[in-house]
Amino acid sequence: MRRAPDTRRLGVMGGTFDPIHHGHLVAASEVADLFDLDEVVFVPTGQPWQKEGRPVSPAEDRYLMTVIATASNPRFSVSRVDIDRGGRTYTADTLRDLRRQHPDAELYFITGADAMSSILSWQNWEELFELAKFVGVTRPGYDLDVAHLAQHLEKLPGDAVTLVEIPALAISSTDCRRRASAGRPVWYLVPDGVVQYISKRNLYRPPESTRPDGT
Ligand code: ATP
Ligand code: MG
């Protein structure tokens with residue numbers, strides 16, 4: 001792909017990351033490779049009171065798990081913009097803040113098929129496309145609503161949204177939380193350091209299930 005030699009390309013991977021798992025990491029890594037990104041910034045969402053009727057883990061825990069999961073990759077970093085802004089996260093706010101911090105970079109917002117549909121239906125998508133290019137990645141169990149997207153895409157420049165197929169990992173944070181709360185393994189679904197952090201902080205376990213040995 002053609003670009004001015006000094007234009008940095010920054011991927012933006014937003015998510016609740018409760019917890020971050022290998023599906024997120026593979027999505028970021030694949031898009032970084034396909035779009036020749038210099039860096040991918042992971043942006044944990046601000047603290048919503050609830051998400052779909054369930055409590056969300058404290059922002060600092062989600063932030064630290066994201067740092068742990070990305071620390072070994074020199075092209076991955078984590079931003080606190082959404083956490084520090086607080087309240088419900090809107091993608092436009094995330095992108096505006098990152099734009100301010102990286103005025104010369106091209107932003108690529110990376111999203112799974114499920115999140116792409118909801119971003120486009122809920123938010124002011126015309127403004128979003130002025131702030132970043134969007135890359136939708138395949139996710140097992142979710143179909144992109146291509147017909148709905150196409151309606152919008154007609155009015156947009158050709159490279160505003162790109163859909164890419166990535167290796168399918170049927171992993172979700174919801175499943176990881178359920179497993180952890182039932183005492184079942186999350187090994188290999190999330191990075192090792194995240195398994196250890198979940199256990200250390202006793203995340204996703206009802207308080208009465210705390211074991212004396214700390215597991
Ligand atoms: P939850 O089950 O709590 O909603 P999640 O697994 O969907 O968690 P999020 O933090 O909601 O994770 O997702 C952040 C972003 O990563 C979204 O754009 C989502 O579509 C994408 N994503 C999550 N899991 C995958 C996966 N396995 N493959 C591809 N994309 C994914
Ligand atoms: Mg989700």
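Author: The pLDDT is the predictor's confidence in each residue, from 0 to 100. In this predicted model the protein averages a pLDDT of 89, and 88% of the residues score at least 70. For the complex, the predictor gives an ipTM of 0.99 and a pTM of 0.92. Local features need pLDDT of at least 70 and side-chain atom pairs count only at pLDDT 80 or more, while totals for chains, interfaces and linings use all residues. Residues are numbered from 1 along each chain as its sequence is written, and chains are lettered from A and ligands numbered from 1 in the order in which they are written.

Around ligand 1 there are 18 residues (C-beta atom, placed from the backbone, within 6 Å). G15, G23, G112, S173 and T174 come nearest. By class, the shell has six nonpolar residues (Ala, Val, Leu, Ile, Met, Phe, Trp, Tyr, Cys and Pro), three charged (Asp, Glu, Lys and Arg) and nine polar (the others, Gly among them). Helices (H or I, at least four residues) and strands (E, at least two) are DSSP runs, numbered from the N terminus. At least two shell residues each come from α1 (22–34), β4 (106–112), α5 (113–122) and α8 (173–181), and α1 supplies the largest share, three residues.

Beyond the shell, F109 is in contact (C-beta atoms, placed from the backbone, within 7 Å) with V12, T91, L95, A132, F134 and V135, leaving aside residues up to four places away in sequence.

Technical notes
Contact = placed C-beta atoms within 7 Å.
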